[in-house]
Amino acid sequence: MAGTRRITVTLPAEQVAELHKITDNVSGYVAEAVARQIRRQLLAEELHQYENEHGAFTAQERAAAQAKIAAATTGNQPNAA
């Protein structure tokens, strides 16, 4: 694992209270949330770049991608299209 660095983050009190209900490892929880958001941002940038180069995704391509995502999150295999 990469090294760590201590920072200070200010959050609304309600969020902090909910965090403490969910986990004793707030730093780990926040680190995973930040990593997830960074992955989403990078993916969005890659998709935008692809569409700029190759044109917008079709409705059929979007539906196929959504089916694969749904299958990955539920453990089911999508129907072949």
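1. Buried denotes a relative accessible area under 20%, exposed over 50%, and partly exposed the range in between, using a 1.4 Å probe and protein chains only.

2. The model is predicted: local features need pLDDT of at least 70, side-chain atom pairs count only at pLDDT 80 or more, and totals for chains, interfaces and linings use all residues. Residues are numbered from 1 along each chain as its sequence is written, and side-chain values use heavy atoms, with hydrogens and water left out.

3. Four salt bridges are found in the whole structure, a salt bridge being a side-chain nitrogen of Lys or Arg within 4 Å of a carboxyl oxygen of Asp or Glu. Side chains of opposite charge can pair when their charged atoms come close.

4. Glu32 forms a salt bridge with Arg36 at 3.7 Å between the closest N and O atoms, and another with Arg39 at 3.3 Å. Shared partners join Glu32, Arg36 and Arg39 into one network. Glu32 and Arg36 lie four residues apart, about one turn, in helix 2 (residues 26-54); helices are DSSP runs of H or I with at least four residues, numbered from the N terminus. Glu32 is partly exposed at 39%, as is Arg39 at 46%.

5. Lys21 and Glu18 form a salt bridge of 3.0 Å, N to O. These residues are three apart in helix 1 (residues 13-22), so about one helical turn separates them. Lys21 is exposed at 65%, whereas Glu18 is partly exposed at 42%.

6. Gln66 belongs to helix 3 (residues 59-74) and is exposed, with 55% relative accessibility.

Terms used
Helices (H or I, at least four residues) and strands (E, at least two) are DSSP runs, numbered from the N terminus.
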